[in-house]
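This briefing covers a predicted model.

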Amino acid sequence: MLGPWLHDWRRPRGQRCLFWGTQPMAEALATLLRPRYLDLLVSSPAFPLPLGPLSPESEPLERFGRRFPLATGRRLEEYGAFYVGGSETSPDPDLDPDLSRLLLGWAPGQPFSSCCPDTGHTQDEGVRAERLRAQRRYLVERARDARVVGLLAGTLGVAQHREALAHLRNLTQAAGKRSYVLALGRPTPAKLANFPEVDVFVLLACPLGTLAPQPSGGFFRPVLAPCELEAACNPAWPPPGLAPHLTHYADLLPGSPFHVPLPPPESELWDTPDVSLITGELRPPPVWKSSNDPGCSTLTPRPQLELVESSPAALFLSSRSWQGLEPRLGQTPVTEAVSGRRGIAIAYEDEGSS
C-alpha cells in the first residue's frame, strides 16, 4: 500500500528528509529510501533512556516528544519530513496529538507530508499546519485577554515540574493575572466545567501527554500549552512566526537555549500598547505597573470609598444572574418543628390512592 506514496513523494536526489512510523515499518522504509536520500533520519518517541553515560556526540536531539539522531553540524530546520501513521478508522485525523505536535513545531518553510498505512493515502500537510498555527495564535490572544489562569498539574513524576509551576505562576503574576494550581488528573470537559471563573487553562504535562486539538464545543474554556502562556504573558517572547513551538515545559526554564527571561519592571516592553484582536479593546498594563507609576496618583485622584476586588471568584459570582438561594435573613417567621411526610416519593402515606 505504500508504493503509490513513495512514488508521489518526488524530491531531488540527495535532499535531507526525516520520517516517523512504528519501528519495524521505519526500518523497512529506511532501507528502501536510503539509496534515494543521502541524509535520512528515523525518529523515535522520547522514552526514558537506559541508565549510563552518554557522550555529547551520541546523545540525540529531543524535540516535540521525539528523538532525532542528528549528525554533528546538522540542524533540524534543514530537513523536510513525512509522517507514517494514523488509521482509516480514526474519527478525525486533525485530532491526532502526535501529528499535531509535529506540524506545529516543524519549520514552516520545509515540506511535510503524511501517509496512512491502512489505505496508502498521502497528502501534503501544509494547509493543515497553517490551520493549526492559526488556532494556536487565537489561543494566545485568549490568554492575553484572560484575568484568571488555571494551571493544570498533569504530571507529578516528570523532572522539574515544581520549577515549571513556579515559573508559570511568576509569569502570570508579572502579567497582572491570577493563577490557581489544579491537580485533576487527566483533564476532561466535565472536570474543567466546575471552574467557570477560570478564563483559560494551561496543561503542564510531559511532551507525549499534551492534549490534541479539541473539537468545537469540547472544553468549556480553552486549554493551552505552557509555551503559549509564555507567548501571551512575556513581552520579550519572539513574535508569531519567529517563536518556536515548544512541547516540553523544561524548555522554558533557565538553562534551556529557548529560555527568555522576563523584562525588568522598568522596561519599556511593559508599556507597549496592546490591542486585543478578539474584542478590539486596548489591554490595560499590569496592575503592579500602573500602581508603581508616580504620575498616576496626581493625574487621577481616587475617591475616598473604593471597593477592592477580593478575588476573581467573588467578582465572577457578583456578575452572575443567579447566585444561589436567597438567605432572606430576618424575613422568615420562626415556627416549631412539625412532622413531615412519611413514605417514598412515588406514594406518601397522606396521599390518596387514585
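A nonpolar core here is a set of buried Ala, Val, Leu, Ile, Met, Phe, Trp, Tyr and Cys residues joined through side-chain atoms within 4.5 Å. In the predicted model, the largest such core has 27 residues.

**Nonpolar cores**

- Within the largest core, the residues that touch the most other members are Leu151, Leu168, Val202 and Leu229.
- At least two residues of this core come from each of helix 4, strand 9 (148-153), helix 5 (161-174), strand 11 (200-204) and helix 7 (226-233).
- Helix 7 is the top contributor to this core, giving five residues.
- Beyond its neighbours within four places in sequence, valine 202 contacts Val149, Gly150, Leu151, Leu152, Leu168, Leu224, Ala225, Pro226 and Leu229.
- Another core, of 16 residues, lies apart from the largest one and includes Ala81, Leu102, Leu104 and Ala129.

**Helix 3 and helix 4**

- The axes of helix 3 (residues 97-105) and helix 4 (residues 126-145) are 9 Å apart, and the two pack at an angle of about 85°.
- Helix 3 is therefore roughly perpendicular to helix 4.
- Helix 3 makes the contact through Leu99, Ser100, Leu103 and Leu104, and helix 4 through Arg128, Ala129, Leu132, Arg133 and Arg136.
- Five nonpolar, one polar and three charged residues form this contact.

**Chain totals**

- The chain holds 10 helices and 14 strands.
- Of its 354 residues, 37% are buried.
- Among contacts with a separation of 6 or more, 66% join residues 24 or more positions apart.
- The chain has an accessible surface of about 21700 Å², and carbon and sulfur atoms account for 57% of that surface.

Notes:
Residues numbered from 1 in each chain as written. Predicted model: local features only at pLDDT ≥ 70, side-chain atom pairs only at ≥ 80, totals over all residues. Heavy atoms only, no water. Axes fitted to C-alpha atoms, helices over the stretch in contact; angles between N-to-C directions. Helix = DSSP H or I, 4+ residues; strand = E, 2+ residues; numbered from the N terminus. Parallel < 35°, antiparallel > 145°, perpendicular 65-115°, else oblique. Contact = heavy atoms within 4.5 Å. Nonpolar A, V, L, I, M, F, W, Y, C, P; charged D, E, K, R; others polar. Buried < 20%, exposed > 50% of the residue type's maximum accessible area, 1.4 Å probe, protein only. Areas by Shrake-Rupley, 256 points an atom, 1.4 Å probe, with all protein chains shown as cover.
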